[in-house]
Amino acid sequence: MAQPSSKPSRGEQTRQQILEAALRVLASQGYRALTHRAIAKEAGVSLSLTTYHFKDLEALLHDAFAYYKQNVLNEFEGRWQSLHGEFLQPAIVEAKLSGDRTALVTLLVNYMTDFIESDLLERSEGVAVEMTFHFDLHLEEEQRNFAYELCNRLYPRMHDFYLEMGSDDPATDAHLLLDVAHFLRFRRLAVPQMLSREDVHLRLHRLLSSQLVSG
């Protein structure tokens with residue numbers, strides 16, 4: 001008996017093609033340029049197909065970001081497991097045994113700086129999409145909440161990290177680190193001439209040192 005195919009149907013492929021095209025238009029031209037005609041042109045499909053799959057632009061925008069968000073979260077899980085299992089947890093154990101957290105801070109700063117740079121090199125369109133959803137006040141509140149949830153995908157783990165390190169306010173420490181990291185990430189994309197990789201490294205090092213070493 002033949003096994004059912006896991007390959008998406010033609011309709012599903014077209015729908016995904018339209019969602020990815022919408023994200024590219026959003027990243028390169030902004031929210032105001034998002035029309036069925038512009039998306040159809042970017043996707044290389046007929047205008048009727050975009051209106052067939054999505055009743056209106058709000059539905060298309062909602063599904064496009066939900067699609068983007070899920071892909072990012074799936075990728076993030078793999079990255080986090082690698083970081084925590086191979087590097088972070090051994091560094092935490094060593095810091096507790098030695099009483100010296102400087103190596104732990106260096107590990108975190110280097111990792112976060114590299115992560116921001118690789119994101120901008122490999123996923124610049126995605127970062128631009130996140131900026132649009134995060135800051136464009138013309139969007140619906142639900143859509144802006146998508147961006148907030150995505151930006152805070154690391155919060156539960158960072159909260160647990162600060163709790164393990166003995167922070168007296170792990171919630172604020174975790175939010176502060178994530179807020180600074182995302183601000184640096186967005187600014188590096190928007191005005192790279194005003195913020196170098198070295199600047200990112202220095203600012204993260206200053207913050208983490210004040211939280212984990214000097215506090």
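Serine 118 touches Arg79 and Arg123, not counting residues up to four places away in sequence; touching, or contact, means heavy atoms within 4.5 Å. The place of serine 118 is helix α5. Helices here are DSSP runs of H or I with at least four residues, strands are runs of E with at least two, and both are numbered from the N terminus. Is serine 118 buried or exposed? Serine 118 is buried, because its relative accessible area is 19%. The cut-offs are these: buried is under 20% relative accessible area, exposed is over 50%, and partly exposed is in between, with a 1.4 Å probe and protein chains only.

A word on where this comes from. The model is predicted, so local features need pLDDT of at least 70 and side-chain atom pairs count only at pLDDT 80 or more, while totals for chains, interfaces and linings use all residues. Residues are numbered from 1 along each chain as its sequence is written, and side-chain values use heavy atoms, with hydrogens and water left out.

Now the whole protein. How many helices and strands are there? The protein has 10 helices and 0 strands, so the pattern along the sequence reads α-α-α-α-α-α-α-α-α-α. The C-alpha trace spans about 65 × 55 × 30 Å along its principal axes. Of the 215 residues, 39% count as buried. Take the contacts with a separation of 6 or more: residues 24 or more positions apart account for 65% of them.

Next, the inside. In soluble globular proteins, nonpolar side chains tend to be buried together. A nonpolar core, as used here, is a set of buried Ala, Val, Leu, Ile, Met, Phe, Trp, Tyr and Cys residues joined through side-chain atoms within 4.5 Å. The largest such core has 32 residues, and Leu104, Phe161 and Leu208 have the most contacts inside it. Which helices supply it? At least two residues each come from α4 (57-98), α5 (102-122), α8 (155-164), α9 and α10 (197-212). Another core lies apart from this one; it has 25 residues, including Ala40, Ala64, Val129 and Phe133. Back to phenylalanine 161: leaving aside neighbours within four places in sequence, it is in contact with Leu88, Ile92, Leu104, Leu108 and Leu212.

On to a pair of helices. Two packed helices are described by the angle between their axes and the distance between the axes. The axes of α5 and α10 come within 9 Å and cross at roughly 145°. Axes are lines fitted to C-alpha atoms, for helices over the stretch in contact, and angles run from 0 to 180 degrees between N-to-C directions. On the α5 side, the contact includes Val105, Leu108, Met112 and Ile116; on the α10 side, residues including Val200, Leu204, Leu208 and Leu212 take part. The contact residues divide into 9 nonpolar, 5 polar and 3 charged. For that count, Ala, Val, Leu, Ile, Met, Phe, Trp, Tyr, Cys and Pro are nonpolar, Asp, Glu, Lys and Arg are charged, and the others, Gly among them, are polar.

Stay with α10. Why does its span agree with expectation? At 1.5 Å a residue, its 16 residues should span 22 Å, and the end C-alpha atoms are 22 Å apart. The expected span is 1.5 Å times one less than the number of residues. Buried residues of α10 include Val200, Leu204, Leu207 and Leu208. What covers the buried residues of α10 includes α5, α8 and α9. Helix α9 (residues 170-190) has 21 residues and reaches 30 Å from its first C-alpha to its last, close to the 30 Å expected. Among the buried residues of α9 are Leu177, Leu178, Ala181 and Phe186.

Last, some single residues. Threonine 50 is in helix α3 (residues 47-53). Threonine 50 counts as buried because its relative accessibility is 0%. Beyond residues up to four places away in sequence, threonine 50 touches Ile18, His36, Ala40 and Val45.

Arginine 15 lies in helix α1 (residues 10-29) and counts as partly exposed, at 31% relative accessibility.

Leucine 83 is found in helix α4 and is buried, with a relative accessible area of 7%.
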